[in-house]
Amino acid sequence: MSKLHIQKMLFFVIGEPRKYDPTFKGPIHNRGCTDIICCILFILALLGYFAVGILAWSQGDPRKVIYPTDSRGQFCGQAGTPLENKPNLFYFNIMKCASPLVLLEFQCPTPQICVEKCPDRFLTLLNAFKTADLKYYKSYCKEGVDLSTLVSSNALLHLTFPSPPPPRFLSVSRRCFPAFSKKNGVLVVGNQTTFDDGQGKIRNAKDLLEGAGNATIVREARQLAMKIFEDYTHSWYWILIGLVIAMVISLIFIILLRFLAGIMVWVMIILVILVIGYGIFHCYMEYASLKGTPGANVTLQELGLQADFSVYLQIQQTWLAFMIILCIVEVIIILLLIFLRKRILIAIALIKEASRAIGYVMSSLFYPLLTFILLALVIAYWAVTAIFLSTSNEPVYKVFNDTACEYSRNTCKPETFNTSAAKLACPDAKCLFAFYGGESPYHKYLIAFQFYNVFLFFWCANFVTALGQVTLAGAFASYYWASKKPDDMPAFPIFSSLGRALRYHTGSMAFGSLILAIVQVIRVLLEYVDYKLKAQNRFAKFLLCCLKCCFWCLEKFIKFLNRNAYIMIAIYGKNFCTSARDAFFLLMRNIIRVAVLDKVTDFLLFLGKLLIVAAVGILSFFFFSGKMKGIESTTPALNYYWVPIVTVIIGSYLIAHGFFSVYAMCVDTLFLCFCEDLERNDGSAERPYFMSPELHDILSENAWKRVYMTKICLQCNVIYGVM
């Protein structure tokens, strides 16, 4: 292959290196708006998102998720209403609750009424006539029904009257459920294995199990949510204290890292190893203490899924699993540190340079608060809109009749049906409950609105992240390319960079966020399809697994490319595609440095986050579990003590990630600027480097070694000139 062909191939793969430009002094101020079409599209999408939210808030009612409602949407037991003395919800036919729609719509497709108390006896309509117990039976029928004019053989009775209830009901969370139990290993309800359904059929107690099971899932989900909410009300101030502790530790760590970068990195590494080692020791002690305890040898598979996580801590296998996981993590970290010991020294030099940059841009440490607030707003808007959309379904009534009628199966309103044209044309017609949903255009496109809500959530969340990356990159780039620091830097680097990002590059950030959001939505759809195809063949599972893996890798690559594209946007002010191409080629021309230096720095910063999360997590575990001696009395009484612990751990990680993301963005920005600096300048008096002497002494020496190795491997003089 000729030298010319090699040059063309290399140009296609790694692009053309930057040329010396005496006028370039860092982030360009005279720039224009980029990706205007995508900016307009994003604004229109946001307007549509607000319209969907307003529409959902006008149609939905989140009280349906918590409180029982009858078929007319009235809340059982609500003060100041006719149903004030009827707090319990009764299902006409509990077996209809076996429909999968129960889990999606939080409603069973059967008429439901509010009753004063759940049925305590077995009674059919015929038996009610025979025993003159019509008053009791009528209390479980729809209002306005004259029992004396009807007979039980009527085909529509099950729509007006309830199916004969099982022998015994229980009120659970203000809902009437069959009282299931086991007698001699046989499933019974009310001490009976069978019951008469009122239509001449003998039903088995098992027939009720699936319907009551699905209804119970909804009930248990609501009950679990209420208990978790109760735990939050009892422990919210302690959770805030834990998050404040995590914030203080993160801030102190970052400040110490600013002045003692080298020492703090090694202290961080040692502490991470010690903390994980203590975790292994604690798991072993708990495992040993449970030896011989009755019931502690139960396996996780036998135990199954439990809402109370504290149950898992009473068996040996849980602590054994924790100990094995921690041992694997400990070994991996130690091996990585051994193999990366020389590269860690180089990464420390870059962290020191990042510490100097943050010292000149101290306001960058507080920018994550703005990102956190914006993300919280996006998440809250998505969650509230999703709840209102899911509770937008309303009872739909249809015209039912025994004889031919032109209005049959038409939608009707029970309040005005007796005076409607359908009743006049068909005297025997009835307006009866049909299903939950709606026939308006809004209800027909409800699934589309839910999908739009999810898609805009990903798009907006990614846009907020992109805004933070462009803002920080612009501020740190102004530091790197300043000849005299801080004289040549803007007075307020963060505000200047934020203003440029919003004024000129909203479209570019929306473009990159859109690409990432599309991939994330596809991953969600694949997870949904995988869930629906649980019982399908192995080939389908294998294909789905491959697709999920591919799109996971694609998402990671797009995040990496977007991050570096945003840095180029902050510096040069070009559109997204051009910036992504320039960033990709620049990284390809320095691919060895990327693998050796940039990723090692990310690993060290991850250890810092891991240390903070582990310290706060261990502290919260001992406090909320009541194992912290001396202050056991101050521990709040909780249903599930894992609720505040998990909340504190997740919150601590987000806080630590917010502070360390500033360092990570600073390192990535300085790294790209360093690579550009090497290509633009040669260190001479006419073309001096912008990098600090310390950074140049370590990185340039390492860079020339890598260049020499690449030259030998490719046996091409062209590479030497490119690097």
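A search of the whole structure, which is a predicted model, finds 22 aromatic pairs; rings of Phe, Tyr and Trp (its six-membered ring) pair if their centres lie within 6.5 Å, and planes under 30 degrees apart count as stacked, over 60 as edge-to-face and the rest as tilted. Y480 and W481 make an edge-to-face pair, because their ring centres are 5.1 Å apart and their planes stand at 75 degrees. Both partners are buried (under 20% relative accessible area; exposed is over 50%, partly exposed in between, with a 1.4 Å probe and protein chains only): Y480 has 1% relative accessibility and W481 has 2%. F623 and F624 are likewise paired edge-to-face, with 5.1 Å from centre to centre and 80 degrees between the planes. F623 is buried at 9% relative accessible area, and F624 is buried at 5%. Elsewhere, Y49, F50, W57, Y381 and Y452 come together in one aromatic cluster.

For the reader following along, residues are numbered from 1 along each chain as its sequence is written. Local features need pLDDT of at least 70, side-chain atom pairs count only at pLDDT 80 or more, totals for chains, interfaces and linings use all residues, and side-chain values use heavy atoms, with hydrogens and water left out.

An unreviewed UniProt entry annotates "transmembrane region" at several spans, including 236–256 and 263–281; such annotations may be inferred rather than shown by experiment, and their positions are given in the numbering used here, with feature names shortened. In the model, residues 236–256 are 100% helix and 0% strand, with end C-alpha atoms 30 Å apart. Residues 263–281 are also 100% helix and 0% strand, and their end C-alpha atoms lie 27 Å apart. Helices (H or I, at least four residues) and strands (E, at least two) are DSSP runs, numbered from the N terminus.

A nonpolar surface patch of about 1,100 Å² includes V244, L256, F259, I263 and L274. The elements giving two or more residues to this patch are α8 (206–259) and α9 (261–289), and α8 supplies the largest share, six residues. Patch residues have over 30% relative accessible area and no salt bridge, with like charges joined within 9 Å and nonpolar side chains (Val, Leu, Ile, Met, Phe, Trp, Tyr) within 5 Å; a salt bridge is a side-chain nitrogen of Lys or Arg within 4 Å of a carboxyl oxygen of Asp or Glu. Accessible areas come from the Shrake-Rupley method with a 1.4 Å probe; for residues, only the protein chains shown count as cover. L256, in helix α8, is partly exposed at 34% relative accessible area.
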